[in-house]
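Thanks, everyone. Let me put the structure up and walk through how its parts pack.

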Amino acid sequence: MAKFETKIKGDVFYFKYLEMAATVEEAKEQAAFVKSELSKPGIKKFLNDNSHIKTVAKPEVSEIWGELMEWVASNVDKNATITPNVTLKMQLNRLSKKAGTYPFLKAF
């Protein structure tokens, strides 16, 4: 089973995360994929759908996502993350604050 699904609609890259990365290597591969898609000409917005994720990431995996969030804030005009619960919303907003991207990256 794939761990994520993607779509491109107009200038939006949609990333639906189905299962949390279990290792740093897996998180790095997924982050590299997201960066490559967001770097395509015409992509200006990012919608990250984490609504299927039920657990928080391991600290070492969270670090990779924090780095990705920082990169996204510098390379995409608009972005948002959908979370399934308050705990994951708080984790993502904490990562965003740590990365200095909170004004641009918020979870809801």
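Start with helix H2, residues 59-75, and helix H3, residues 86-98. This is a predicted model. In it, H2 and H3 pack at an angle of about 60°, and their axes are 9 Å apart. That makes H2 oblique to H3. The crossing of H2 and H3 is right-handed.

Who touches whom? On the H2 side, Ser-62, Trp-65 and Met-69 make the contact. On the H3 side, the partners are Gln-91, Leu-92, Leu-95 and Ser-96. By type, the residues of this H2 and H3 contact split into four nonpolar, three polar and no charged.

Now the other helix pair, H1 with H2. Here the angle is about 15°, with the axes 9 Å apart. So H1 counts as roughly parallel to H2, the limit for that label being under 35 degrees. The crossing of H1 and H2 is right-handed.

Which residues of H1 meet H2? Val-24, Ala-27, Lys-28, Gln-30, Ala-31, Val-34, Lys-35 and Leu-38 do. They face Glu-60, Val-61, Ile-64, Trp-65, Leu-68, Trp-71 and Val-72 in H2. The tally for the contact of H1 with H2 is eleven nonpolar, one polar and three charged. Note Trp-65: this H2 residue is listed in the contact with H1 and also in the contact with H3.

On to the sheet. It is open and has four strands, in the order E1-E2-E3-E4, with mixed pairing. Which strands stand at the edges? Strand E1, 4-9, and strand E4, 78-82. Each has a single partner strand, so one side of each is left without a neighbour in the sheet. Ignoring direction, neighbouring strands are turned by 10° against each other on average.

Take the E1 and E2 pair. E2 covers residues 12-17, and the two strands run antiparallel, joined over six bridges. Within that pairing, Phe-4 stands opposite Tyr-17 in E2.

How do sheet and helix meet? Helix H1, residues 24-38, lies across E1, E2 and strand E3, which is 45-49. H1 runs at about 160° to E2.

Last item, salt bridges. How many does a search of the whole structure find? Four. One of them links Glu-19 with Lys-3, and the closest N and O atoms are 3.4 Å apart. Glu-19 sits in the loop between E2 and H1, while Lys-3 sits in the segment before E1, so the pair ties together parts that are 16 residues apart in sequence.

That's it from me. Over to you.

Key:
Residues are numbered from 1 along each chain as its sequence is written. This is a predicted model: local features need pLDDT of at least 70, side-chain atom pairs count only at pLDDT 80 or more; totals for chains, interfaces and linings use all residues. Side-chain values use heavy atoms; hydrogens and water are left out. Axes are lines fitted to C-alpha atoms, for helices over the stretch in contact, and angles run from 0 to 180 degrees between N-to-C directions. Angles under 35 degrees count as roughly parallel, over 145 as roughly antiparallel, 65 to 115 as roughly perpendicular and the rest as oblique. A crossing is left-handed if the near helix is turned anticlockwise from the far one by less than a right angle, and right-handed if clockwise. Contact means heavy atoms within 4.5 Å. Ala, Val, Leu, Ile, Met, Phe, Trp, Tyr, Cys and Pro count as nonpolar, Asp, Glu, Lys and Arg as charged, and the others, Gly among them, as polar. Two strands pair if DSSP finds at least two bridges between them. A salt bridge is a side-chain nitrogen of Lys or Arg within 4 Å of a carboxyl oxygen of Asp or Glu.
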